[in-house]
Amino acid sequence: MFSPADNIFIILITGEFILGILGNGYIALVNWIDWIKKKKISTVDYILTNLVIARICLISVMVVNGIVIVLNPDVYTKNKQQIVIFTFWTFANYLNMWITTCLNVFYFLKIASSSHPLFLWLKWKIDMVVHWILLGCFAISLLVSLIAAIVLSCDYRFHAIAKHKRNITEMFHVSKIPYFEPLTLFNLFAIVPFIVSLISFFLLVRSLWRHTKQIKLYATGSRDPSTEVHVRAIKTMTSFIFFFFLYFISSILMTFSCLMTKYKLAVEFGEIAAILYPLGHSLILIVLNNKLRQIFVRMLTCRKIACVI
C-alpha cells in the first residue's frame with residue numbers, strides 16, 4: 001500500500017517521463033527525418049540527436065530508480081541492486097553532461113568572433129572532428145561508469161564481510177555509508193564539463209558585449225542578425241546552467257539522503273527535481289531552435305485544420 005506522498009511522486013514522475021520522452025523523442029525524430037531527406041546532417045543537429053538519445057537514457061534510468069525507491073524503500077541496504085542502477089545512471093549522466101558541453105562549446109565557436117589563432121583553429125576544426133569528440137564522450141562516460149561499478153562492488157564485498165561482525169543496528173547504518181563517498185566523488189567529477197560550459201558561456205557573453213559596442217558605431221534601423229544569434233545562444237546556455245544547477249543540487253540531496261531520517265522522501269523529491277534538467281532544457285532547445293519550433297507549430301496548425309474539417 002502506497003502512502004499519499006508515494007502516489008503524488010508516481011504521478012509526477014510519470015508525467016515527467018512522458019514529457020521527457022516526447023520532447024527528446026521529437027528532436028531526435030525531426031533530425032532523423034531531415035537527415036534521411038537531405039542525405040546529410042548539420043553538426044549542430046548531429047550533436048543534438050546524440051544529446052537527446054543520451055537524455056532519454058538518463059530519464060529512463062532515473063525513473064526506474066524512482067520506482068525502485070517506492071517499491072523497495074530499503075534499496076540502499078541492498079547494495080547489488082543499487083550498484084546496477086548507479087552504474088547505468090553514471091554512464092547516462094556523464095554522457096549527457098559531456099555532449100551538452102560539446103553543444104555549448106559548438107555554439108561559442110560558431111557564433112562568437114575572435115582573432116586568436118587557437119580560436120580560429122578550433123572554429124575551423126570543430127566540424128571535422130565532431131564525430132571523434134562524441135566518440136570520446138562515450139568512451140569517457142563508459143570508463144567512469146565502469147570505475148564506479150568496480151568501486152561500489154569493492155565496497156559491497158567489504159561491508160558484506162563486516163555484516164558478520166556487527167549487530168543488526170550497526171549493519172543498517174554501515175550499509176548506507178559506502179555510497180556516501182563514491183557518490184559524492186562522482187557527482188563532483190561532473191563539475192568538470194559544467195565548468196567548460198560555464199567558460200564558453202562567459203566567453204560568448206563577452207563576444208556579444210564586444211559585438212554590441214561595434215554595431216553602436218554603425219547603428220541602423222534594422223535588427224542585427226548576428227546579435228539575435230548571440231542572444232539566442234546565450235538563452236540556450238543560460239537555461240542549461242539553471243537546469244544543471246537544479247540537477248546538481250538534487251543529486252547532492254539524493255547523495256546525502258542516506259544520512260537523513262526520511263531519506264525516502266528526500267530521494268523522491270530529489271528525483272522529481274533532477275528530471276527537470278533533461279526534460280526542461282530539451283523543451284527550451286525546441287523553443288529556441290527555429291527549425292524545431294517551426295515544424296512543431298506546423299504540426300499544431302495541421303492538427304487544428306484537420307479538427308475543423
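Predicted model: local features only at pLDDT ≥ 70, side-chain atom pairs only at ≥ 80, totals over all residues.
1. Residues are numbered from 1 along each chain as its sequence is written, and side-chain values use heavy atoms, with hydrogens and water left out.

2. Helix 9 covers residues 263-288, and its 26 residues reach 38 Å from the first C-alpha to the last, close to the 38 Å expected at 1.5 Å a residue; the expected span is 1.5 Å times one less than the number of residues. Helices (H or I, at least four residues) and strands (E, at least two) are DSSP runs, numbered from the N terminus.

3. What surrounds the ring of Y277? Y277 belongs to one aromatic cluster together with F194, F240, F244, Y247 and F248, and the charged end of R55 sits over the ring of Y277, 5.2 Å from its centre. The criterion for such a charge is that NZ of Lys or CZ of Arg lies within 6 Å of the ring centre and within 35 degrees of the ring normal. Over the whole structure the search finds 14 aromatic pairs, where rings of Phe, Tyr and Trp (its six-membered ring) pair if their centres lie within 6.5 Å, planes under 30 degrees apart counting as stacked, over 60 as edge-to-face and the rest as tilted.

4. The chain as a whole has 10 helices and zero strands, and buried residues make up 44% of its 309 residues. Helix 1 (residues 4-38) has 35 residues that should span 51 Å at 1.5 Å a residue, and its end C-alpha atoms are 51 Å apart, which agrees. Helix 1 is followed by K39, whose phi is positive, near 65 degrees.

5. The charged contacts deserve a careful look, since the whole structure holds four salt bridges, a salt bridge being a side-chain nitrogen of Lys or Arg within 4 Å of a carboxyl oxygen of Asp or Glu. D34, K38, D45 and K291 are linked in a network of such bridges. Within helix 1, D34 and K38 are four residues apart, about one turn of the helix, and their side chains meet at 3.5 Å, N to O. D34 counts as buried at 17% relative accessibility, whereas K38 is exposed, with a relative accessible area of 52%.

6. K291 also forms a salt bridge with D34, the closest N and O atoms being 3.5 Å apart. Because K291 lies in helix 10 (residues 290-308) and D34 in helix 1, this pair ties together parts that are 257 residues apart in sequence. The side chains of D45 and K291 meet in a further salt bridge, at 2.6 Å, N to O. That pair links distant parts of the chain, with D45 in helix 2 and K291 in helix 10, 246 residues apart, and D45 is buried, with a relative accessible area of 8%.

7. Why is helix 2 described as largely enclosed by the rest of the structure? The reason is that 21 of its 29 residues are buried. The 29 residues of helix 2 should span 42 Å at 1.5 Å a residue, and the end C-alpha atoms are 42 Å apart, which agrees.

8. An unreviewed UniProt entry lists several spans as "transmembrane region", including residues 51-71 and 129-152; positions are given in the numbering used here, feature names are shortened, and annotations may be inferred rather than shown by experiment. In the model, residues 51-71 are 100% helix and 0% strand, with end C-alpha atoms 30 Å apart. Residues 129-152 are likewise 100% helix and 0% strand, and their end C-alpha atoms are 35 Å apart.

9. Finally, A112 is placed in the loop between helix 3 (79-111) and helix 4 (117-162), and A112 is buried, with a relative accessible area of 5%. The C-alpha atoms of A112 and S200 are separated by 9.7 Å, although these residues are 88 residues apart along the chain.

Technical notes
Buried < 20%, exposed > 50% of the residue type's maximum accessible area, 1.4 Å probe, protein only.
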